[in-house]
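Trainee: I have a new model open and would like to go through it with you. Could we take it piece by piece?

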Number of protein chains: 2
Amino acid sequence: MPNPPTIKEIAKRLNLATSTVSRALHNHPRIGLKTRMQVQALARELQYEPNQTAIFFQQKKTFTLGIVLPELSEAFFSAAISGIEDTANKSNYMVLLGQSHDDTAREQKIVEIMKNHRVDGLLVSLARNTVQYAHFEMLRKYNIPVVFFDRIPDMKDIHYVASNMESGTIQAVSLLLQQGHRVIGMINGPEKLIASRQRTTGYQKAMQQQRLKYDATLNVHSDLTKEATRQAMQQLLSHKRKITAVVAFNDYVSQDAVQYAAEQGIQINKDICFVSYANLPLSSYMAYPPLASVEQYPYLQGQKATEILLDLLSGKLAPDAYQQIVIDSRLVIAPKK
Amino acid sequence: MPNPPTIKEIAKRLNLATSTVSRALHNHPRIGLKTRMQVQALARELQYEPNQTAIFFQQKKTFTLGIVLPELSEAFFSAAISGIEDTANKSNYMVLLGQSHDDTAREQKIVEIMKNHRVDGLLVSLARNTVQYAHFEMLRKYNIPVVFFDRIPDMKDIHYVASNMESGTIQAVSLLLQQGHRVIGMINGPEKLIASRQRTTGYQKAMQQQRLKYDATLNVHSDLTKEATRQAMQQLLSHKRKITAVVAFNDYVSQDAVQYAAEQGIQINKDICFVSYANLPLSSYMAYPPLASVEQYPYLQGQKATEILLDLLSGKLAPDAYQQIVIDSRLVIAPKK
DNA sequence: TTGTAGGCGTTATCAT
DNA sequence: ATGATAACGCCTACAA
């Protein structure tokens with residue numbers, strides 16, 4: 001059919017000025033009730049819809065938030081995005097999606113395109129290998145605020161929401177100690193990761209609280225590949241002290257380690273208990289679900305990060321009032337099968 | 001800093017007309033090499049970036065595709081969206097996301113907002129309970145093409161990509177028959193679902209191919225809740241014929257059924273074999289992974305649907321040349337643990 | 001080869 | 001209470 005109706009069209013039919021129509025549609029106070037009704041009636045009749053692209057252009061605002069994250073197929077991120085979407089939608093924002101697939105080059109390109117699309121702000125969780133942040137620094141020039149979540153960069157003067165693994169780790173190790181375990185292995189992640197260091201610190205603190213000695217040789221590292229995890233587990237199994245519990249970096253690592261141990265004839269959750277960090281759904285269907293797992297609140301992280309971004313956009317928050325929110329992780333005892 | 005530079009700005013500095021600048025930037029053939037270089041040099045120097053919102057407005061096109069789907073935390077959809085995103089990005093389109101969370105009202109609202117945002121086209125997988133399609137019909141008026149995928153509506157004259165469960169089911173049942181199973185139970189989904197009917201047909205055809213009789217009492221239904229599935233399984237276990245294999249509606253159903261059977265003392269994959277339809281990742285970590293599972297190619301579905309939509313947008317495909325692509329599902333033997 | 005002018009739909013400013 | 005007009009940034013006939 002013909003072009004969609006515009007306020008101009010309505011104005012012409014009613015012999016009014018476009019400005020009058022615009023005001024009438026917005027229920028501007030000093031527009032005569034009569035004309036207001038007329039205008040609104042005709043608008044309804046013509047099924048008038050304001051042209052958002054015109055409004056975006058005119059207002060220099062798109063009511064769109066860009067989301068850049070590594071991988072939606074990771075349960076953590078798909079939960080986080082629900083928090084983002086729900087919060088954004090409440091304020092009439094839409095969500096533009098880009099997955100970096102943990103590739104820095106792709107991340108850079110996505111940010112560039114989103115900048116061009118004139119998103120009002122950006123929510124970012126870094127690709128695994130991203131160590132340079134020029135593509136984010138550059139956004140300052142364009143006045144596009146960024147809030148990082150979960151995988152945050154090692155930069156000053158940024159907004160972020162992240163979870164602190166230390167608290168959950170302390171709780172996890174404490175639980176094991178309380179259950180009588182004395183030789184607890186930890187399969188940690190890459191040493192350069194903040195999250196790995198937090199786990200280590202948590203382990204140490206939990207031991208310290210009970211006046212027990214922390215044994216660094218029980219804290220082994222995996223680069224998170226299956227092979228590395230199996231080696232790490234093997235290392236723990238051949239430790240001179242006999243371990244009775246393992247804290248694994250995450251559910252994937254946990255499962256790989258469990259598999260390896262089972263192959264070695266270990267009785268899971270009997271000879272050795274496992275505790276992990278929640279990122280697999282449906283753990284109740286797993287062959288050997290962890291005894292307990294550390295919850296990282298992905299939905300909440302997404303929600304908080306979005307709230308900060310929206311506050312930044314509405315001016316409720318000054319651009320340089322850097323928000324750095326840390327959400328304590330927490331141990332959750334697995335429901336028994 | 002000041003406002004971002006515009007072609008007007010560049011024109012003024014170079015004493016040129018904006019049109020000349022515009023053309024120079026686009027490498028229009030009949031612009032003098034000299035001025036072209038000048039313009040491009042200055043543009044670079046000022047870090048000129050075209051204002052996309054102005055272009056969107058002027059061109060009545062946003063290079064944005066709207067995606068409406070039930071739930072990203074379902075592995076099927078997070079895989080599908082990668083196919084969508086990758087394909088869209090190749091053609092410089094961005095992806096606007098909306099999850100219906102299987103709520104029709106929310107689906108309607110999302111479609112409305114996306115229409116207002118003037119997405120160029122829509123990719124949709126229906127909410128579970130959606131049975132009225134007015135919110136999609138209405139898009140025709142706005143010339144916003146829609147391509148449905150996976151969960152498609154019962155409508156004529158639409159574009160869609162879906163998978164056919166029949167082929168995979170035939171293969172699954174045939175495999176079981178070939179392995180000597182003669183009494184095969186099926187835990188199917190809600191009867192009104194096309195996908196359920198396809199499974200039934202597949203079952204029948206596989207039996208027919210071997211000149212065996214199809215026994216309808218072996219094909220029971222679940223509404224996909226855990227409870228219903230357990231009842232269905234119980235029904236199968238108390239069948240007068242002793243079943244030795246089960247084809248479950250999907251991985252979730254399969255796991256619930258397996259759990260129930262195990263509780264009854266059944267030896268899984270020994271007394272009774274399970275075959276399922278792939279939607280859980282990491283099946284290798286499951287307690288009792290299915291013997292084999294029917295693959296539905298989510299990435300491919302997303303990709304194909306997007307290709308159709310892009311062809312529609314580029315005019316390569318006429319709006320009424322309805323594409324209805326069916327991708328045959330296929331049985332995949334599970335890798336042994 | 002370059003310039004002029006108009007328009008995309010809306011809002012906002014300034015008159016009347 | 002309403003109207004006229006400009007402005008947002010870009011593109012594209014049409015003119016020169």
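**Two copies and their axis**

Mentor: Gladly! Chain B can be laid on chain A by a turn of 180° with a shift of 0.0 Å along the axis, and the RMSD is then 0.1 Å. Do keep in mind that this is a predicted model.

Trainee: What relation do the turn of 180° and the shift of 0.0 Å along the axis describe?

Mentor: Two copies of a chain are related by a rotation about an axis and a shift along it. For chain B and chain A the turn is 180° and the shift is 0.0 Å. That is the relation of a two-fold axis.

Trainee: Which residue of chain B comes closest to the rotation axis?

Mentor: Look at the C-alpha atoms of chain B and their distance from the rotation axis. At 1.7 Å, the one that comes closest belongs to A287(B).

Trainee: Which element gives the largest share of the side of chain B that touches chain A?

Mentor: Here 33 residues of chain B are in contact with 33 residues of chain A. Helix 4, helix 5 (75-90), strand 2 (94-99) and helix 6 (104-116) of chain B each give two or more residues to that side. By class, the side of chain B that touches chain A has 19 nonpolar, 10 polar and four charged residues. The largest share of it, six residues, comes from helix 5 of chain B.

Trainee: In strand 2 of chain B, which residue is the bridge partner of V95(A)?

Mentor: Strand 2 (residues 94-99) of chain A and strand 2 of chain B run antiparallel, and three bridges join them. For V95(A), the bridge partner in strand 2 of chain B is L97(B).

**Inside chain A**

Trainee: What is the radius of gyration of chain A, and what does the globule rule give for 337 residues?

Mentor: Chain A has 12 helices and 12 strands. It is more spread out than a compact globule, because its radius of gyration is well over the value from the globule rule. Along its principal axes the C-alpha trace spans about 90 × 40 × 35 Å. The two values you asked for are 27 Å for chain A and 20 Å from the globule rule.

Trainee: How many of the six residues of strand 1 of chain A are buried?

Mentor: T64(A), G66(A) and V68(A) point one way from strand 1, while L65(A), I67(A) and L69(A) point the other way, and all are buried. The strand is therefore largely enclosed by the rest of the structure, and the count is six of the six.

Trainee: And in strand 2 of chain A, which residue is the bridge partner of G66(A)?

Mentor: Strand 1 and strand 2 of chain A run parallel and are joined by six bridges. In strand 2 of chain A, G66(A) has as its bridge partner L96(A).

Trainee: Is P70(A) buried or exposed?

Mentor: P70(A) sits in the loop between strand 1 (64-69) and helix 5 (75-90) of chain A. Residues it touches include F77(A), H101(A), S125(A) and R128(A). Since 22 other C-beta atoms lie within 10 Å, and 20 or more are needed, P70(A) is buried.

**A strand residue in chain B**

Trainee: How many C-beta neighbours does F149(B) have inside 10 Å?

Mentor: F149(B) lies in strand 4 (residues 146-149) of chain B. Among the residues it touches are A80(B), L123(B), Y160(B) and A305(B). F149(B) counts as buried, and its number of C-beta neighbours inside 10 Å is 31.

**Around the DNA**

Trainee: Which helix gives the most to the surface near DNA strand C?

Mentor: Of the 24 residues around DNA strand C, T6(A), S19(A), A17(B), S19(B) and G32(B) come nearest. The residues of this surface divide into nine nonpolar, 13 polar and two charged. With four residues, the helix that gives the most is helix 4 of chain A.

Trainee: Which residues come nearest to DNA strand D?

Mentor: Helix 2 and helix 4 of chain A, along with helix 1 (7-14), helix 2 and helix 4 of chain B, each supply at least two residues of the surface near DNA strand D. By class, that surface has nine nonpolar, 13 polar and three charged residues. Of the 25 residues around DNA strand D, those that come nearest are S19(A), R30(A), G32(A), T6(B) and S19(B).

Key
Residues are numbered from 1 along each chain as its sequence is written. Chains are lettered from A and ligands numbered from 1 in the order in which they are written. This is a predicted model: local features need pLDDT of at least 70, side-chain atom pairs count only at pLDDT 80 or more; totals for chains, interfaces and linings use all residues. A residue is near a molecule or strand if its C-beta atom, placed from the backbone, lies within 6 Å of it. Ala, Val, Leu, Ile, Met, Phe, Trp, Tyr, Cys and Pro count as nonpolar, Asp, Glu, Lys and Arg as charged, and the others, Gly among them, as polar. The radius of gyration is taken over C-alpha atoms; the globule rule is 2.2 Å times the number of residues to the power 0.38. A residue is buried if 20 or more other C-beta atoms lie within 10 Å of its own, exposed if 12 or fewer, and partly exposed in between; C-beta atoms are placed from the backbone. Two residues are in contact if their C-beta atoms, placed from the backbone, lie within 7 Å. Copies are superposed by least squares on the C-alpha atoms of residues with pLDDT of at least 70 in both. Two strands pair if DSSP finds at least two bridges between them. Lists of a residue's contacts leave out its neighbours within four places in sequence.
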